[in-house]
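Biologist: Let's go through this model term by term. I want the cut-off behind each label.

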Amino acid sequence: MKKYCLAVDLKDDQELIAEYEKWHKPENARPEIIKSIKDAGIIRMDIFRTGNRLFMIMETEDNFDFATKAAMDAGNQEVQDWEQFVWKFQQPLPWAAPGEKWVLMDQIFEL
């Protein structure tokens, strides 16, 4: 199993943050999005928030590949619609590359 941590910012607006969190509650989860996540080899995904910064921790199958996941997402209109919808809440990190949303974090410590 592999583990990845990623980060993105939310727009610093408490109403938008509350709405974003609402859409991520289990009762509001879109089954087609959950399926796309699992179909890509993601075993577990957790998202944490502090202020307006989000941290995502993913545990994946050993053969998980970000390029393959991106290709799967590009061919899935439901995922594209979801990504466009949540982008109204999100904003790139200041150091993100153009067009980059979630930025992969480097592990600097392990115990």
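Biologist: Which residues are exposed on the other side of helix 4, and what makes a residue exposed?
Modeller: Q77 and Q84 are exposed there. Exposed means over 50% relative accessible area, buried means under 20%, and partly exposed lies in between (1.4 Å probe, protein chains only). The model is predicted, so local features need pLDDT of at least 70 and side-chain atom pairs count only at pLDDT 80 or more, while totals for chains, interfaces and linings use all residues. Residues are numbered from 1 along each chain as its sequence is written, and side-chain values use heavy atoms, with hydrogens and water left out.

Biologist: Which residues of helix 4 are buried, and how do you know that they line one face?
Modeller: V79, W82, F85 and V86 are buried in helix 4. Seen down the helix 4 axis, they fall within an arc of 125°, so they line one face. The arc is taken from the directions from the helix axis to the C-beta atoms.

Biologist: What covers the buried residues of helix 4?
Modeller: The cover includes helix 1 (14-23), helix 2, helix 3 and strand 4. Helices (H or I, at least four residues) and strands (E, at least two) are DSSP runs, numbered from the N terminus.

Biologist: Why is helix 2 called roughly perpendicular to helix 4?
Modeller: The axes of helix 2 (residues 31-39) and helix 4 (residues 77-87) cross at roughly 110° and come within 9 Å. That angle makes helix 2 roughly perpendicular to helix 4. The label covers 65 to 115 degrees; under 35 counts as roughly parallel, over 145 as roughly antiparallel, and the rest as oblique. Axes are lines fitted to C-alpha atoms, for helices over the stretch in contact, and angles run from 0 to 180 degrees between N-to-C directions.

Biologist: Which residues meet where helix 2 packs on helix 4?
Modeller: E32, I33 and S36 of helix 2 meet E78, V79 and W82 of helix 4. Contact means heavy atoms within 4.5 Å. The residues of this contact divide into three nonpolar, one polar and two charged.

Biologist: What puts the buried residues of helix 2 on the same side?
Modeller: The buried residues are I33, S36 and I37. They cover an arc of only 100° around the axis, which puts them on the same side of helix 2. They pack against strand 2 (42-50), helix 3 (66-74) and helix 4. The face turned away from the buried side carries the exposed residues P31, K35 and K38. After helix 2 comes G41, whose phi is positive, near 95°.

Biologist: Why does D73 count as buried?
Modeller: D73 has 15% relative accessibility, so it counts as buried. D73 lies in helix 3. Leaving aside neighbours within four places in sequence, D73 is in contact with V79 and Q80.

Biologist: What about A18: why is A18 called partly exposed?
Modeller: A18 has 46% relative accessibility, so A18 counts as partly exposed. A18 is found in helix 1. A18 and F89 are 71 residues apart in sequence and 9.9 Å apart in space, C-alpha to C-alpha.

Biologist: What makes two strands a pair?
Modeller: DSSP must find at least two bridges between them. Strand 1 (residues 2-10) and strand 3 (residues 53-60) pair in the antiparallel sense over eight bridges. There A7 stands opposite F55 in strand 3. Two bridges join strand 1 to strand 5 (residues 103-104), again antiparallel. V103 is the bridge partner of A7 in strand 5. Strand 1 and strand 4 (residues 90-91) run antiparallel, joined by two bridges. Q90 in strand 4 is the bridge partner of L10.

Key. Nonpolar A, V, L, I, M, F, W, Y, C, P; charged D, E, K, R; others polar.
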